[in-house]
Amino acid sequence: MKKIFLVFVPLLLLASACTEDISQLNIETKRPAAVPAPTLFSNAVKTISGSLASPSVNTNVFRFTVSHWAMSTYQDEAQYDFATRNIPQGWWTSMYRDVIADLRESAKLINADASLLPAEKANKLAIIDIMEVYTYSILVNTFGNIPYSESLNPAILFPKYDDAKTVSTDLINRLNADITKINTSAAGFASTEDLIYKGSVAKWLKFANTLRMKIGMVQADVDANVAKSAVEASDAGAISSAADNGLFTYMAASPNQNPLYVDIVLGGRSDYIAAKDLMDKLLGWNDPRTSAFFTPNNAGVYAGGIVGKGNTYVDFSRAGTKIIDASAPCVLADYVETEFLRAEAKERGFNVAGTAESHYNNAIRASIIYWGGSAADADAYLAQASVAYTTAAGDWKQKIGTQKWIALYNRPYEGWVELRRLDQPKISAPVGAKSGFPTRLTYAANEQTLNGTNYTAAASAIGGDVVTTKLYWDKF
């Protein structure tokens, strides 16, 4: 009888347990099936910021392309070899899969959220769309024709590529709509969810206007009317001071540290150095930003290496401590860039406030102060005949292009866009260059195998899937 009782008790306990709900055991707490809309938005913003800030040779090599940095040892990327590490694939995947897909899902969830007030919902959807436009602008100005109208549609396995100019025009139209929908008296994302503007809808409105100005200006040499309309509509509402800067600020603690800190400091990289092209400009003009941009070499001297050539690491300057700080921000849009756009707009005859010279001076002054210089430093720099707008060498494209190239240090993707667009300054070709100056990246390798028919049509439409094919707006 005792043995029977011992068998019966476990059976009774098992039967009792089976009546309880054990479905909670199937929930993956570290991989949730449902992610809140604000989290998806925040993650998308973090991802695109990481892509733009990263110095990884697997994705973002534009610091070498624009001759801001050189390499001491491995020269592949500095020599325009983007195929060995399949760099275009990493850039393409990051933007489509990791940024736009999250933004789309976030918008879908917000649209379905009946608890949101109409104005708050409209603000959130507009902000999400502004970031999607921002991301598409990067894709279209990197590759040319891209999947757009059919992209990320689960019902379309093989999306067509849309004409790049058509995409750019639609991006401006989307911003027109977003700007109209934003209500600055209503809430947007909470301060903990909005990693750029900490909940300020008014600053998102300024960001959107600067973005519209920038996308419009890219087309200035091919469609002046589109550029003029976009710039003039944006001028009054665009970023007007450093307080409006769109910054993604990293943290001192892992896992939210700046990618430059992670790669260079924690990763122990000892092969990134200053490029001679940039260093020569900085030293030649006694630029007060030099010590913030770079550290001296082991002999205590500022020096830049030749891009594409083997350089002894200890003989050359390296990235400054401000840049590789764990909590250093990634700049997505700022007053410096916006003022240079205004200066250019005046030179092109667009109806914006101020003068080209005043905007040029404002941009340089703001850049110097951002990097730790003083107003006196900025005044002294601008007082040099070789820098002053009225006496600096060349036409307005050379003056603005050269100073903007310097000011866009540590914003290498934007620097690459401006080098292609303004063709200033003239930089040295890397030693051992695998091609002429790259005016685009080739399409992602996966597209050739997974979306071959549409890839082939797109490559033919733009004039060939090579890095020297100029995009439609790159006319000179």
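The points below go through selected features of this predicted model.

1. Helix 2 and helix 4. Helix 2 covers residues 37-53 and helix 4 covers residues 87-111. Two packed helices are described by the angle between their axes and the distance between the axes. Here the angle is about 160° and the axes are 8 Å apart. An angle over 145 degrees counts as roughly antiparallel, and helix 2 and helix 4 are therefore roughly antiparallel to each other. The crossing of helix 2 past helix 4 is left-handed.

2. The contact between these two helices. From helix 2, the residues that meet helix 4 include Ala 37, Leu 40, Phe 41, Ala 44 and Ile 48. On the side of helix 4, the residues involved include Trp 91, Met 95, Val 99, Leu 103 and Ser 106. Ser 106, which is in helix 4, has a relative accessibility of 0% and so counts as buried. Leaving out residues up to four places away in sequence, Ser 106 touches Ala 37, Leu 40, Phe 41 and Ile 128.

3. The nonpolar cores. The largest nonpolar core contains 125 residues, and Met 131 and Phe 207 have the most contacts inside it. Helix 5 supplies the largest share of this core, with 12 residues. Another core, of 10 residues, lies apart from it; Ala 220, Ala 227, Ala 238 and Leu 341 are among its members.

4. The contacts of Met 131. Which residues does Met 131 touch, not counting residues up to four places away in sequence? They are Phe 41, Val 45, Ile 48, Leu 103, Ile 196, Trp 204 and Phe 207. Among them, Phe 41 and Ile 48 also take part in the contact of helix 2 with helix 4.

5. Helix 18. This helix runs over residues 452-462, and its buried residues are Asn 454, Tyr 455, Ala 458, Ala 459 and Ile 462. Why do they lie on the same side of helix 18? They cover an arc of only 135° around the axis, which puts them there. An α-helix has 3.6 residues a turn, so residues three or four places apart point the same way. The buried residues pack against helix 5 (118-143), strand 3 (161-162) and helix 17 (445-450). On the face turned away from the buried side are the exposed residues Thr 453, Ser 460 and Ala 461. Gly 463 follows helix 18 and has a positive phi, near 105°.

6. Helix 8. In helix 8 (residues 224-234), the buried residues are Ala 227, Ala 230, Val 231 and Ser 234. Seen down the helix axis, they fall within an arc of 95°, so they line one face of helix 8. They pack against helix 6 (164-181), helix 7 (201-218) and helix 12 (335-347). One of them, Ala 227, also belongs to the core of 10 residues.

7. The loop between strand 2 and strand 3. Lys 160 lies in this loop and is partly exposed, with a relative accessible area of 37%. Lys 160 touches Ile 146, Pro 147, Tyr 148, Ser 149, Glu 150 and Asn 454, not counting residues up to four places away in sequence. Of these, Asn 454 is one of the buried residues of helix 18. Leu 152 is found in the loop between strand 2 and strand 3 as well, and counts as partly exposed at 39% relative accessibility.

8. Backbone points to check. Most residues other than glycine have a negative phi, and most peptide bonds are trans. Leu 152 is not a glycine, yet has a positive phi of about 55°. Tyr 80 is not a glycine either, and its phi is positive, about 70°. Tyr 80 is found in the loop between strand 1 (69-71) and helix 4 and is buried, with a relative accessible area of 6%. A cis peptide bond joins Ser 254 and Pro 255, with omega about 10°; Pro 255 is in the loop between strand 4 (246-248) and helix 9 (259-266).

9. Gln 424 and Pro 425. The peptide bond from Gln 424 to Pro 425 is also cis, with omega near -5°. Is Gln 424 buried or exposed? Gln 424 counts as buried, at 15% relative accessibility. Not counting residues up to four places away in sequence, Gln 424 touches Lys 397, Gln 398, Gly 401, Thr 402 and Leu 419.

Key. Residues are numbered from 1 along each chain as its sequence is written. This is a predicted model: local features need pLDDT of at least 70, side-chain atom pairs count only at pLDDT 80 or more; totals for chains, interfaces and linings use all residues. Side-chain values use heavy atoms; hydrogens and water are left out. Buried means under 20% relative accessible area, exposed over 50%, partly exposed in between (1.4 Å probe, protein chains only). Helices (H or I, at least four residues) and strands (E, at least two) are DSSP runs, numbered from the N terminus. The arc is that of the directions from the helix axis to the C-beta atoms. Contact means heavy atoms within 4.5 Å. A nonpolar core is a set of buried Ala, Val, Leu, Ile, Met, Phe, Trp, Tyr and Cys residues joined through side-chain atoms within 4.5 Å. Axes are lines fitted to C-alpha atoms, for helices over the stretch in contact, and angles run from 0 to 180 degrees between N-to-C directions. Angles under 35 degrees count as roughly parallel, over 145 as roughly antiparallel, 65 to 115 as roughly perpendicular and the rest as oblique. A crossing is left-handed if the near helix is turned anticlockwise from the far one by less than a right angle, and right-handed if clockwise.
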